[in-house]
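Student: Hey, can we go through this one together? I'd like to start with the charged side chains.

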Amino acid sequence: MSEQQDTTPSSAPSAGQPNDWGRVAEDRTVYVRTADGERAVGQYPEGTTEEALKFFTDRFDALAFEVDLLEQRVKGGALGPEEAAGSVKKVREQVVDAHAVGDLDTLVARLDALGSVIAEQREVKKAERAAKTAESKARKEQIVTEAEKLATSSDWRNGANRLRDLLEEWKALPRLDRASDDTLWRRFSTARTAYTRHRKAHFAEQNEKRDAARSIKEKLVEQAEALAGSTDWGGTAGEYRRLMQQWKAAGPAPREVDDKLWKRFRGAQDAFFGARDAANAELDQEFAANAEVKEQILAEAEKLVPVTDLEAAKKSLRDLADRWEAAGKVPRDRIKELEGRMRKVETAVRQAEDEVWKKSDPEKSARADGMVAQLEAGIAEVQAKLDKAKASGDEKRVKQLEADIASKQQFLEMAQKVSSEFSG
């Protein structure tokens with residue numbers, strides 16, 4: 001059964017019976033009964049009384065359906081409050097003057113009842129608008145605060161982009177009352193202007209520095225090119241290092257010339273160091289024999305490890321070191337390898353000497369023995385607590401104390417090992 005049928009009395013008669021909401025007069029005029037009395041709604045000159053009443057009750061059913069639908073849309077929020085109020089007013093006028101037979105008073109009452117629903121929805125919408133306005137104000141204040149921070153920053157790369165994003169977000173936010181909106185906008189606009197001014201000043205200063213760097217680097221290139229043919233390998237290499245430091249300190253020149261100047265500077269360096277490398281290669285050939293002598297010395301030195309006789313090893317190492325120095329220079333690509341092997345032997349002898357000293361140090365031996373005694377006493381104390389916890393059935397305490405004993409036992413083992421090394 002549909003909703004509009006529910007609005008008619010449950011005792012409504014079927015066709016052929018008198019209707020509670022209307023009647024057909026002898027002149028075929030059809031009347032509807034309302035709280036204000038009877039009123040004519042039309043005539044039905046042909047057909048039976050039942051057909052005449054059905055014609056006008058069908059009209060009522062159509063109105064009831066329209067009221068049902070409007071109720072659902074209003075209560076469901078499908079219409080805004082103002083649109084809903086207009087629709088209710090329009091349908092109410094149709095119902096009040098309807099040429100239909102049915103419980104028109106109930107339809108009017110249902111429409112009037114929607115007034116309170118619409119009033120509540122108006123309040124909700126008002127609250128929502130107030131919330132959106134408050135949210136918009138809070139966000140605009142955040143935007144202004146961020147913009148003012150950017151105005152004092154030196155983030156030239158990201159600051160401008162961020163300010164553009166903030167501006168787009170500002171435009172998308174709802175407007176506030178005019179006074180609040182204008183005040184916040186002035187702060188935001190002032191911050192953007194300040195940032196732009198500082199940014200332009202910064203880049204103007206950078207351009208001045210780049211022009212100064214260009215002048216400095218042009219002079220450095222001239223000096224580098226003048227040194228390219230030098231054969232004073234050590235002195236000139238140091239001079240190139242000095243020029244390189246000045247080059248880095250000068251900062252970037254304008255982009256269109258910086259790469260060209262660097263290529264000239266680097267080319268002069270490469271010419272010099274290439275000639276030096278060629279000269280060193282000739283020397284390396286001369287030093288190859290020295291490397292063979294040092295390999296023989298290393299073979300003797302490496303036999304001293306592991307050290308079994310410290311004094312004999314120290315004496316042999318001193319003799320080998322004298323022979324090592326007398327052997328002379330070796331090719332550059334062999335220096336690290338040969339020197340590294342000799343250092344390992346020297347380190348092993350020195351470590352052996354340190355171990356002898358450690359074992360003979362009575363103060364450290366006493367400290368080690370004291371640590372052992374302290375740990376043993378600590379373990380005994382915790383063990384007593386553990387026995388007591390086991391006796392009382394405190395499982396949680398037992399686990400804690402067992403873990404404590406295990407930790408102290410590890411330290412005790414290490415201390416005993418150190419003590420044994422001293423006593424040995």
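Student: So what do the side chains of Lys209 and Glu205 do?
Tutor: They meet in a salt bridge, at 3.6 Å from N to O. The term means a side-chain nitrogen of Lys or Arg within 4 Å of a carboxyl oxygen of Asp or Glu. Keep in mind that this is a predicted model, where local features need pLDDT of at least 70, side-chain atom pairs count only at pLDDT 80 or more, and totals for chains, interfaces and linings use all residues. Residues are numbered from 1 along each chain as its sequence is written, and side-chain values use heavy atoms, with hydrogens and water left out.

Student: Okay, and why would side chains pair up at all?
Tutor: Side chains of opposite charge can pair when their charged atoms come close.

Student: Where do Lys209 and Glu205 sit in the chain?
Tutor: Both are in helix α6 (residues 178-227), and because they are four residues apart there, about one helical turn separates them. Helices here are DSSP runs (H or I, at least four residues), strands are too (E, at least two), and numbering starts from the N terminus.

Student: What about Arg264 and Glu225, how do their side chains meet?
Tutor: In a salt bridge, 3.1 Å from N to O. Arg264 lies in helix α8 (residues 255-302) and Glu225 in helix α6, so this pair ties together parts 39 residues apart in sequence.

Student: How many salt bridges does the rule give?
Tutor: The count comes to 32. Another one of them joins Lys315 and Asp319, at 3.8 Å from N to O. Some salt bridges share partners, and those join Glu295, Glu302, Arg334, Glu337 and Arg341 into one network.

Student: New topic: how many helices and strands are in the protein chain?
Tutor: Twelve helices and three strands.

Student: And what's its radius of gyration?
Tutor: The protein chain has 52 Å, whereas a compact globule of 424 residues would have one near 22 Å. That radius is taken over C-alpha atoms, and the globule rule is 2.2 Å times the number of residues to the power 0.38. Along its principal axes, the C-alpha trace spans about 150 × 90 × 45 Å.

Student: Last one: how much of the chain is buried?
Tutor: Buried residues make up 30% of the 424 residues.

How values were computed
Buried means under 20% relative accessible area, exposed over 50%, partly exposed in between (1.4 Å probe, protein chains only).
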